[in-house]
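Let's walk through this one together, from the whole chain down to single side chains. Keep the viewer open as you read.

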Amino acid sequence: MVRRRETGTQGDLVIGWAELTRSPGHAFYDELQNVLLDAGFDVFVENACKPCYAAKMGAPSLSPGRYFRKHMVGYFEGLDSERGIVWRCADSYSLRDFLRLSTREKVPDHSWLSKTRSRLPHEVHEKVFGFVLKLVAERGLVKGERIGVDGSTMEANAALRSIVRRDNGETYRAMLERMAKESGIATPNAEDLARFDRKRKGKKLSNDDWTSATDAEAKIARMTDGMTHLAYRPEHAVDLDTGVIIAAPIHEADKGDRTTLGDTLETAKANLSAVGLAPTPDDPCEIIADKGYHSREVLKRLDDGEWKSRISEPLPAKGYLRWQ
């Protein structure tokens, strides 16, 4: 019998890589790796990202193939944090093999993900998205018969306190200080401003009057938890037969479901056309959405087109809806 000390076991001074205990591997990631390698995924993303990389400058950067693989891990593992993706990859030999790391290489830090993401334009990500969509379509994972659409709000990487007025560039804090002094508070501090802001009448933040000084495309919006933040509005079109994402455009957060549906369907149609499954008026594709997308204008626009609407009708306050 081997006695174990309460303080823990003493590690070996030297151990070879071949002697480390290894798992049999992850069947899903091993098969996914084979599919990506057979399709030439690394060569494709390197050619797509080549114009965004310097020929020779500073330390070696995160390779494009590894960058997109880490985002795949985040999607399949349900991780929405870059730090969480790095921790998960560092904790699994199977994921290290999926990232094609050698025995002495460390998992790239989370800062490499954010730096690379900020330097690669949106067009490069769209090219890679189209490549992967074509790859799964070749294996019969895109039916193009029933598409579900839904949107949500996503907090922007910009603080609400950074907003400024569109007309004169005045910050929100400067406006509060000016209004507090006009109300009789000679030298307002942070607590005075917070108290004054809570009690003042006519308090509202309009995107027509305010904009972010650091992210002009972010809009002021109310989140699902009731809080107000600078945000964006991602909307997904999903193949309901297989679960494959057909389109994932990002809209302005102050636009409603009925306003953004047309742009999302145009993106989904273009992506389906690229894989030979474009809907036509003779062979329409069903579009399924909740009652937030229901309006007379939306249904009339979709009538007799390449989309057959399956949109829930909201319950009227009284009576029933009349259609001409």
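**From the overall fold to single contacts**

In this predicted model, residues 24 or more positions apart account for 64% of the contacts in the protein with a separation of 6 or more, where contact means heavy atoms within 4.5 Å. A word on conventions: residues are numbered from 1 along each chain as its sequence is written, and side-chain values use heavy atoms, with hydrogens and water left out. Since the model is predicted, local features need pLDDT of at least 70 and side-chain atom pairs count only at pLDDT 80 or more, while totals for chains, interfaces and linings use all residues.

How does the radius of gyration sit against the globule rule? A compact globule of 324 residues would come out near 20 Å, but the protein has 26 Å; the radius is taken over C-alpha atoms, and the rule is 2.2 Å times the number of residues to the power 0.38. Along the principal axes, the C-alpha atoms fill a box of roughly 75 × 70 × 55 Å. Of the 324 residues, 34% count as buried (buried is under 20% relative accessible area, exposed over 50%, partly exposed in between, with a 1.4 Å probe and protein chains only). The secondary structure comes to 11 helices and 10 strands, which are DSSP runs numbered from the N terminus (helices are H or I with at least four residues, strands E with at least two).

Now for the rings. A search of the whole structure turns up 8 aromatic pairs; rings of Phe, Tyr and Trp (its six-membered ring) pair if their centres lie within 6.5 Å, and planes under 30 degrees apart count as stacked, over 60 as edge-to-face and the rest as tilted. One of the pairs is Phe41 with Phe131, tilted at 6.0 Å centre to centre and 45° between the planes. Phe41 lies in helix α2 (residues 41–49) and Phe131 in helix α7 (residues 122–138), so this pair ties together parts that are 90 residues apart in sequence. Both Phe41 and Phe131 are buried. Tyr75 counts as exposed because its relative accessibility is 52%, whereas Phe76, at 40%, counts as partly exposed. Ring pairs also link these two with Phe28, Tyr29 and Phe98 into a cluster.

Charges show up over rings too: Lys115 lies over the face of Trp112, 5.5 Å from the ring centre, and Arg165 does likewise over Trp210 at 5.3 Å. The test is NZ of Lys or CZ of Arg within 6 Å of the ring centre and within 35 degrees of the ring normal.

On to the strands, which pair if DSSP finds at least two bridges between them. Strand β1 (residues 146–151) runs parallel to strand β9 (residues 285–289) over 3 bridges, and antiparallel to strand β6 (residues 228–239) over 5 bridges. Ile147 takes part in both pairings: its bridge partner in β9 is Ile287, and in β6 it stands opposite Asp239.

Last stop, Glu306, in the loop between α11 (296–302) and β10 (307–311). Buried or exposed? Glu306 counts as buried because its relative accessibility is 16%. Its side chain joins that of Lys269 through a polar contact of 3.2 Å (a pair of N or O atoms within 3.5 Å; within protein, one must be able to donate a hydrogen and the other to accept it, and residues adjacent in sequence count only if both atoms are side-chain atoms).
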